[in-house]
Protein chains: 2
Amino acid sequence: MSGAVACFAADWGTTHLRLWALDASGAVLWQRDSDEGMGKLAPGGAFETALVRAIGPDMPAASVPVIVCGMAGSRQGWAEAPYATAPCESPGAADATRVPTATDRLKVYILPGVKQVSPPDVMRGEETQIAGLIAREPEFDGVVCLPGTHTKWARISAREIVSFQTFMTGEMFALLSRQSVLRHGIGEGWDQDAFLEAVSGTMSRPAGMAAQLFGIRSSGLLAGLAPAAARSRLSGLLIGAELAGARPYWLGQRVAILGADGIADAYEAALAAQGAQVERVDASDLTLDGLRAAWAALKETA
Amino acid sequence: MSGAVACFAADWGTTHLRLWALDASGAVLWQRDSDEGMGKLAPGGAFETALVRAIGPDMPAASVPVIVCGMAGSRQGWAEAPYATAPCESPGAADATRVPTATDRLKVYILPGVKQVSPPDVMRGEETQIAGLIAREPEFDGVVCLPGTHTKWARISAREIVSFQTFMTGEMFALLSRQSVLRHGIGEGWDQDAFLEAVSGTMSRPAGMAAQLFGIRSSGLLAGLAPAAARSRLSGLLIGAELAGARPYWLGQRVAILGADGIADAYEAALAAQGAQVERVDASDLTLDGLRAAWAALKETA
C-alpha cells in the first residue's frame, strides 16, 4: 500500500458492491467487489455491516468519507437519498444524504439519483457515470447511451442532464431468452447478420415486435433457425424497437455509448447501421471518476 | 351414467389435460381435468399412462377412439403429428397421427397443428377451436382472435384458415408483471381508464413501448401510480402494441374473439375503442365441438 486511505468510493447496486480505497491524491490503493448488493440486504444497518466487512483489515485509523452512489440510496436501500430533478447537473456531495454510522471512522455520503417529472423517469447510479464523463470532458454536448438491464438515453449540455429516457430492453432480453417459450431455441454465440436484419425489421415496423418474437420460435421449429441466430435475432428485435423509440435522442446527434462489453458492441453496430455518429467510451472507470469528482467537491466545501 | 362411452375427446396442452367421455350421440357423459400436461410428461408412453389414469374406473369394455388435439402432438409430446400447411381446413381425423397403445381398448388419433410457411408461424390446439367455430357456423367469413399466452389472429374464409399470426403478448405480460422490476408496483384489480389510455398510447406510437413499460415503474416511484392501474397499464401497453401490429387483421373486418375470461374482455374493450366490429364467442366448448367434428369425420371414413 503506497499511502493511507483518504476516502472510500462505493458503487452500490442491486446485485453488487464495488468499493475503491483512494489515497489523498485520489489514486486507487485497492479495489474490492462484493455480492452484497442492495437486493440481499435489509434496509438500514445491514449496509454498514456489509461495508465494514468489505473494508476488512484495511479500516483506516482516522475518520474518512465514504462516497456512495447507486441503489443503496433507494427507499429499499441504506437510506433514501431523494432524487435531484432534471434538468440538473449530476448531484454532488452537497446534495448527498449523510447517513449516521455506528463506527466514527466512516462518514457516509449517499449521492442522490436523478428524476424527471414528465415523462416520469428515474436513474440511480448512471448520473454518477455521467458525472465521470463530464469530469473528463467538461465541454461534452450530445447524447449518452448507457446500455444495460434498463438502458438509459440522456441529453447532456452545459454539464447538465437535460432529459433522459429508460428502456427495459435488457431486462426483456433476459426474461425472453431464459424464461419464455423462446428459450428452447436460443443458444450461445452471435450472428451479426441476423442481428442487423432484426434491428432493421423492428426499426421500420416496431408494431410487429410481439409477432416477430414468436417468429423466432416458429422459425426454429419450421426452418431450423440456429440457436446463435435466434439469440441475435431476439436482441436485434428488441434493440431495433428501442432505437425506433429513441430516435429523437440519437438522430443527428453526437452519441457516446458508455460501455465496453458485448451489449455496447451491439448498440454501436445497430446505430452505425442507421448512419448515426457513434463514439465509444470505456465505462469501467467512469463511476469511479464521478465519485472522485463528488469527493473533490466535498473537500472544497469542507 | 346414461350410456356407454363411444369416444374420448382430449384437449392436451402444455399444462393440462382436459378429457371428455362422449356417448354414441356425442353427448358428454363426464368431463375430467388433470394437471398432467405435456410439460410434466416424458415423450411417448407416459402419455398413455396419464390418459389411463384420467379415465380411471371408466375404461370402456370395447375399443373406442380417442381424439386428441394440442401440444401432445408436438415433438416433445406423445407422438409428433406433423403440421398441416395453411391455407387449409382445420385438420381432421384423416390427417391424424395414429399412436400405438399398450391397451387395445383405446385407439388414439392425434390431430395435427397448422403451420404457415411465410411468415413462419405455428399453432397446436387453436385449429381445433376454429374447427369448432366452423362446425357451429360453416359460413363464418372473417377474423378470429384467440387471446392467451400466445394470442393468435386468424383469417377464416370458405372453412379454411387462410393465414394467421401469433403475438407473445400474454407471455410478456406474465413475465413482466411477475418477474421484472415492474412487479414491485403491480397488484390485483383493474382500472379500465388506465388500460384504455395505455392501449391508445402504444397503438399510436408502438416504438415507445419499452420506455413506456419502464414508465410504469417511474410513475409508481414518483407519482404513486396505484397497483391496479399499473397492472392495467402494463396490459394496455402490450395489447395496444399488438393491435397496432395486427391492424391488417382487424381493420374493417368482422372479428370474433374466442374467449370468455378477463383477457378476452380486455381485447374486446380495446378493439371496440378503435371502432372495430367485435363479437364474442364463448370458447369453453369450442375445442370439444372441434374434436366432435373430427370424430364424426372418422365415423364417416370408417
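Predicted model: local features only at pLDDT ≥ 70, side-chain atom pairs only at ≥ 80, totals over all residues.
In chain A, the domain assignment gives domain 1, covering residues 7–124, and domain 2, covering residues 167–281. Between the C-alpha centres of domain 1 of chain A and domain 2 of chain A there is a distance of 33 Å.

Helix α5 of chain A runs over residues 209–223, and its 15 residues reach 20 Å from the first C-alpha to the last, close to the 21 Å expected at 1.5 Å a residue. The helix is bent, by about 30 degrees, at Arg217(A), and Arg217(A) is also among the buried residues of α5(A), which include Met209(A), Leu213(A), Phe214(A), Ile216(A) and Gly220(A) as well. Because 12 of the 15 residues of α5(A) are buried, the helix is largely enclosed by the rest of the structure. After α5(A) comes Gly224(A), whose phi is positive, near 60 degrees.

Turning to the contact between the chains, 35 residues come from chain B and 35 residues from chain A. On the side of chain B that touches chain A, at least two residues each are supplied by β10 (121–123), β13 (160–167), α3 (169–179), α5 (209–223) and α6 (227–245) of chain B. The largest share of that side, 11 residues, belongs to α5(B). Sorted by class, the side of chain B that touches chain A consists of 20 nonpolar, 11 polar and 4 charged residues.

Key. Residues numbered from 1 in each chain as written. Chains lettered and ligands numbered in written order. Contact = placed C-beta atoms within 7 Å. Helix = DSSP H or I, 4+ residues; strand = E, 2+ residues; numbered from the N terminus. Nonpolar A, V, L, I, M, F, W, Y, C, P; charged D, E, K, R; others polar. Expected span 1.5 Å × (residues − 1). Bend = angle between axes of the 7 residues up to and from the residue. Buried ≥ 20, exposed ≤ 12 C-beta atoms within 10 Å, placed from the backbone. Domains from an automatic or database assignment.
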